[in-house]
Amino acid sequence: MDEANAIAEAAAEGAAPKGGLLGLLPEDGILGRLFTMDAALTAIRVVLAIVLGAVAVGVIVTLIRRVTVKRMDARTSGLIVKVAQYLGLALIAVNALDAAKVNLSGLLGAAGIAGIALGFAAQTTVSNFISGFFLVSEKTFSIGDVITIEGSTGVVYSVDALSIKLRSFDNQLMRIPNEALIKAKVTNITRFPARRLNINLLVTYDTDMDRLRTALLDLAAANQFVLRKPEPLYMIQRFGDNGVELLFGVWLAKDDWVSGNNSVLADIKRRFEAEGIEFAFPTRTVYAKAQAVEPLPPPRSRKKPAAKA
Amino acid sequence: MIWRSWPVPRNEGTAVHRIGDATMCVSIEQAGDGDVLAALVRYAEDEAPGARRAPQLALPPLDDPAWSRYYMGKADHYELEPGYPDIPVCVRLHEPFRIPPGADLRGWIFSHLEAKLKVSQAIAGTFPLKKPFKTLYGSPDAGVICRYDEADFLASDEPATAALHEDPSLVAHPVRLRNSSSEPVLVEELCIYGEQLSVFGVDRRMQSERLIFAFNSSGVRMSLEGQGALPPGAKLLSRPTVSGEERFIERSFELFKAITRI
């Protein structure tokens with residue numbers, strides 16, 4: 001019986017390949033110990049997990065992009081796609097590690113500690129990223145809007161996970177972190193379809209106010225850029241130091257803002273010149289009052305004390 | 001009929017087309033191997049009040065920016081085609097009126113067309129036939145910028161209706177106003193989405209499909225109620241640029257976005 005067992009063991013040893021990778025590498029060498037059949041199978045599983053995962057994530061992200069681009073604004077769509085990409089990458093990584101038979105529980109513990117360290121290091125980045133979500137939910141602006149942030153005005157050029165980029169009107173690129181946008185006062189100039197152009201006028205006190213009102217409303221009615229509705233605003237604001245101050249407001253479509261602005265201001269100047277209405281400038285009125293003036297008393301001469309002998 | 005193909009006025013000065021109160025001038029300039037078509041529109045309201053229309057128009061030189069220019073190559077003809085503005089038209093009624101709950105009114109309103117100048121089926125220029133003023137339909141935060149127009153709501157048998165039908169710069173819209181709300185509605189203006197409408201015409205008379213303006217508690221909505229009764233011999237001169245279904249889907253998405261704030 002022992003003899004038979006010994007023969008069977010010898011046969012089995014003879015049948016099994018010696019060394020790593022079907023016996024191509026020496027069994028006792030470093031490469032032989034590393035590149036075993038088992039390791040090769042694990043490597044194939046890892047590669048498959050990565051390749052198939054990448055394909056699946058690619059398909060899903062493409063679908064999400066197509067759906068969101070049609071139905072949402074560029075900012076929301078971009079953020080959703082980015083989140084889907086990051087989630088997909090994380091899933092691929094976890095799947096690949098699982099295929100490599102890496103104990104994920106230990107890795108997750110280490111990842112927790114690393115996460116805390118990274119959290120401190122990437123505080124600003126994370127803050128910007130999360131701020132991006134709040135900005136999306138508020139829908140304050142989108143690509144193509146003209147916005148003003150802390151004195152900087154420009155067209156929203158791109159909206160990214162961490163920042164937005166503005167193109168100023170003199171063609172400079174400004175990067176504004178999302179975190180700053182959450183804290184700052186943001187004015188969206190082109191959000192609504194129409195804007196009121198407020199024109200502060202100062203006219204001399206001898207102006208006929210009825211004629212002035214008629215002239216302003218007439219020129220607004222004749223100007224092609226001025227919207228017929230809402231109607232122009234005419235308001236006398238106060239009697240100022242230098243003349244009558246008034247506010248004249250006309251509504252313009254947001255796309256006609258620059259042309260309308262130039263056209264209306266030029267029309268006002270032309271019309272005032274034609275009507276003889278004068279713009280007031282800082283003036284000072286000096287009244288010369290005729291009054292009997294008493295002659296001044298003659299200066300008293302101070303007597304010098306007599307010099308002592 | 002003004003809306004047809006016209007020979008290019010080579011060596012003939014300027015071709016003048018009078019369309020309602022607008023005068024459209026078309027001229028040709030030699031440019032290398034082909035020709036440049038130049039066109040402009042003059043409006044009656046720009047002429048001095050009380051002045052008689054001059055028999056000979058005083059036109060600016062062809063290099064003046066008032067002319068719209070288009071390289072037309074060796075083409076022999078250009079076409080004039082009626083069309084609607086590329087933005088909605090807000091027709092303000094001269095005399096606003098109230099319609100009681102449940103009422104269903106039928107009548108006519110007229111709006112101004114645009115002249116599309118085409119060369120070999122390509123649009124060389126678009127010219128409003130009335131000075132193109134704009135207005136805001138709705139509130140300043142959610143309104144729509146529209147072309148401004150004014151009209152009366154007319155019954156079919158009014159003499160004014162027949163007179164307006166003879167103006168080739170106007171298109172007649174058969175209109176039905178329906179108040180399905182429980183309150184009377186004041187009708188001051190009507191917003192027409194021309195992109196959904198066709199132009200049918202014969203001689204000087206232009207007409208669109210029948211429009212329904214349905215007033216309810218949530219607002220007013222324009223829709224089409226088929227072609228309606230067309231004048232005898234009328235043929236299709238211009239097709240809609242957007243189908244009603246497309247517009248419906250687009251509006252549904254807008255509504256969905258407004259509700260869900262996505």
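Predicted model: local features only at pLDDT ≥ 70, side-chain atom pairs only at ≥ 80, totals over all residues.
Analyst: Across the interface of chain A and chain B, the rule finds two salt bridges.

User: Which side chains meet in a salt bridge?

Analyst: A:Lys229 and B:Glu189 do, at 3.0 Å from N to O.

User: And how many residue pairs are in polar contact across the interface?

Analyst: Five, with both residues at pLDDT 80 or more.

User: Which elements of chain A give two or more residues to the side that touches chain B?

Analyst: Helix H7 (123–138), H9 and S8.

User: What area is buried between the two chains?

Analyst: About 1700 Å². Carbon and sulfur atoms give 58% of that. A:Gln224, A:Arg228 and A:Lys229 supply 35% of the area that chain A buries against chain B, more than any other three residues.

User: How many residues are in contact?

Analyst: 20 residues of chain A with 17 residues of chain B.

User: New topic: H10 of chain A. Which of its residues are buried?

Analyst: A:Trp257, A:Gly260, A:Ser263, A:Val264, A:Asp267, A:Ile268 and A:Phe272. Seen down the helix axis, they fall within an arc of 160 degrees, so they line one face of H10(A).

User: What do they pack against?

Analyst: Strand S6 (194–203), helix H9 (209–222) and strand S8 (244–253) of chain A.

User: Which exposed residues sit on the face turned away?

Analyst: A:Val258, A:Arg270, A:Glu273 and A:Ala274.

User: How far apart are the helix's end C-alpha atoms?

Analyst: 26 Å. At 1.5 Å a residue, the 19 residues should span 27 Å, so the two agree.

User: What comes just after H10(A)?

Analyst: A:Gly276, with a positive phi of about 75 degrees.

Conventions:
Residues numbered from 1 in each chain as written. Chains lettered and ligands numbered in written order. Heavy atoms only, no water. Helix = DSSP H or I, 4+ residues; strand = E, 2+ residues; numbered from the N terminus. Expected span 1.5 Å × (residues − 1). Buried < 20%, exposed > 50% of the residue type's maximum accessible area, 1.4 Å probe, protein only. Arc of directions from axis to C-beta. Contact = heavy atoms within 4.5 Å. Buried area = accessible area lost by both parts, 1.4 Å probe. Salt bridge = Lys/Arg side-chain N within 4 Å of Asp/Glu carboxyl O. Polar contact = N/O pair within 3.5 Å; in protein donor to acceptor, adjacent residues only side chain to side chain.
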